[in-house]
Amino acid sequence: MHGTPLYPPDFTHYRSVNPQAPRGGQLVQAAVASFDSLNPFIVRGTAPPFIRWNIVESLMARSPDEPFTMYGLLARSVETDDERSYVAFELDPRARFSDGAPVTPDDVLFSYELLRSKGRPNHRSYYSKVAKASAYGSNGVRFDFAEKDRELPLILALMPVLAKHAVNPATFEETTFRAPLGSGPYVAAEVKPGETVILERSPAYWGRDLPVNRGLYNFDRLRYDFYRDVNSQFEAFKRGLYDIRFETDPGRWKTGYDIPAVRDGRIRLEEIETGMPKPYSALIFNMRREIFADARVRAAMVELFDFEWVNPNLYFDVYKRTASFYEGSELAARGRPAGEVERKLLAPFPDAVLPAVMDGTWQPPVSDGSGRDRESLRRALALLDAAGWSLDKGTLVSKASGKPFAAELLVGTKDQERLALAYQRMLKRAGITLEIRLVDNVQFEARKQTYDYDMVPYIWDQSLSPGNEQAFYFGSAAADTPGTRNFMGLKSPAADAMIQALLVARERSDFVAAVRALDRVLISAQFSVPLFHTPGQWVARWRKVERPTVVSLSGTLAESWWQGS
């Protein structure tokens, strides 16, 4: 995206893999979720994410060791101009779908047209920027762009390529338990709806020896089991029913692994650093709802969240407070005063950034950790009073209507519920009623995708090269489109402008300035209660599986693991 690639044209493998990893065996993984479809490219239904990368390939592969660099996969060459006004790909003539049919420019163009009209909102958004798509020569395809977007050649290189002869456009948007036909290393071998998906190595996978694949996809068989709750999933791991566990609960990490299999070395526990921005975990206010339309109300509810009490009492004091959407990276605005380029970008939007955020002094509210901080309560009540709310016999009511302040927080797991109950008690001190609604995974996802909630927990994962997806997360057009990740309903001309600025930036310094400016706008909008993050990955693995010693920017990747001795 910026600068030059890490790897030379004749590279043989990524540095974060083991190119001599043995092939064979089975890897079993688990998730707390369910699924009612195997089509990950449509809004309807809930599909497991592993279908996308294990079965359906793209024109190029994203390097795990760089912020945003692509290398050839289905495409053996790529061409663009200095303005990046177009991109052209020449397909590898060896590329084949799993049924043996060749991958052709017709398949690429079919996939583009299909996903532009019937795909998920992010596909529709990206592909709407293409003015013309056409085949050329014997095995090439070219996209000419309708607007300036320096990231678009890389985005189109990530476009999933579906087999035209195996897709019925008329039924494409319907949920199905039949996996799409792809050109990737695996095919779906067995499906138990809502319970298990088993993938097996495609017997004649065309791309097994490509540099982007060497050391990856080492297992012959991948099994994914789905559990209804975290406790049953964890018990299954202790019994050896699956191989890798990426732990997220500090209590379990600190106390739950004192078991014989850990003590005798059959299970290994590892803390792995990553080079990525820390995930932004938050409780999100739905600003489409009248109760959260006023920024002062949202600021008050942020003030009432007592992280200093939550961290030691619920999480063994292992978390760090999150304050930036790009926490822990050079892209974060936290603790940095806005530079000249940022101020110039933000000048047309004088009210979009809070003064403390602009000068780098803003931090999330800090309490005394007692769970009864009077000063934080006083500040919150002052904000609520200014927004038209007052305490009446211990209940917060509207000065205009007399109606009590009541909202619902939608949660999908017991872990989320535990935090929600703690927050409920904190809000009660200000007379606020927070109802907790625990629903199953399918209902949780359905309500989240249609914005049917007052508040909802969510985690945005960011890369070191944020781009078009930021419009999908934070752009005004996404606010009213079901299935985006603009869960709060943000409509900010300043955020839209900063997203556009980062997309057209040519130099890394200008890009960093644009992302920091966006970060300042998002922090100032106060549409969420910022929560916390772990220092890195907590990984528990049974000894029978091994991983590379060098990890990628995102940490260890399951697709780089192999069967141990």
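**Reading a helix and its surroundings**

Analyst: What covers the buried residues of helix H16 (residues 493-504) includes helix H10 (340-346), helix H15 (469-474) and helix H17 (508-525). Please keep in mind that this is a predicted model.

User: Which residues of H16 are buried?

Analyst: The general idea is that a residue is called buried when its relative accessible area is under 20%. In H16, the buried residues are Ala494, Ala495, Met498, Ile499, Ala501, Leu502 and Leu503.

User: How many residues does H16 have, and what span should they give?

Analyst: H16 has twelve residues, which should span 16 Å at 1.5 Å a residue, and this agrees with the 17 Å between its end C-alpha atoms. The check can be repeated on helix H13 (residues 414-428), where 15 residues reach 21 Å from the first C-alpha to the last, close to the 21 Å expected. The buried residues of H13 are Glu417, Leu419, Ala420, Ala422, Tyr423, Met426 and Leu427.

User: How many cavities of 30 Å³ or more are there, and which residues line the largest cavity?

Analyst: A cavity is a space where a probe fits but cannot get out. The count comes to three cavities of 30 Å³ or more, and the largest cavity holds about 70 Å³ of space. Its lining consists of Glu303, Leu304, Phe305, Asp306, Ser367, Gly371, Asp373, Ser376, Met426 and Arg429, which by class are three nonpolar, three polar and four charged residues. Met426 in this lining is also one of the buried residues of H13.

User: Where is serine 376 placed, and is serine 376 buried or exposed?

Analyst: Serine 376 sits in helix H12 (residues 374-386), and it counts as buried because its relative accessibility is 6%. Its side chain reaches the backbone oxygen of aspartate 373 at 3.0 Å, and both Ser376 and Asp373 belong to the lining of the largest cavity.

User: How much space lies in the second largest pocket, and which residues are closest to its centre?

Analyst: A pocket, unlike a cavity, is an open space. The second largest pocket contains about 660 Å³ of space, and of the 34 residues that line it, Pro5, Met60, Met70, Tyr71 and Val78 are the closest to its centre. The elements giving two or more residues to this lining are strand E3 (70-72), strand E4 (75-80), strand E5 (86-91) and helix H4 (152-157), and the largest share, six residues, comes from E4. By class, the lining has 21 nonpolar, seven polar and six charged residues.

User: Which residues does phenylalanine 172 touch, and which does alanine 131 touch?

Analyst: Here we leave out residues up to four places away in sequence. Phenylalanine 172, in the loop between H4 and strand E8 (186-192), touches Asn39, Phe41, Ile42, Leu114, Leu115, Lys118, Leu162 and Val167, and at 8% relative accessibility phenylalanine 172 counts as buried. Alanine 131, in strand E6 (residues 130-136), touches Asp144, Phe145 and Ala146, and with a relative accessible area of 56% alanine 131 is exposed, since the cut-off for exposed is over 50%.

Definitions and conventions
Residues are numbered from 1 along each chain as its sequence is written. This is a predicted model: local features need pLDDT of at least 70, side-chain atom pairs count only at pLDDT 80 or more; totals for chains, interfaces and linings use all residues. Side-chain values use heavy atoms; hydrogens and water are left out. On a 1 Å grid over the protein atoms alone, a cavity is a set of points where a 1.4 Å probe fits but cannot get out, and a pocket is an open set with protein on both sides within 12 Å along at least five of seven lines; lining residues have an atom within 4 Å of a point. Grid points are joined across faces, edges and corners, and a volume is the space filled by probe spheres set on the points. Ala, Val, Leu, Ile, Met, Phe, Trp, Tyr, Cys and Pro count as nonpolar, Asp, Glu, Lys and Arg as charged, and the others, Gly among them, as polar. Buried means under 20% relative accessible area, exposed over 50%, partly exposed in between (1.4 Å probe, protein chains only). A polar contact is a pair of N or O atoms within 3.5 Å; within protein, one must be able to donate a hydrogen and the other to accept it, and residues adjacent in sequence count only if both atoms are side-chain atoms. The expected span of a helix is 1.5 Å times one less than its number of residues. Contact means heavy atoms within 4.5 Å.
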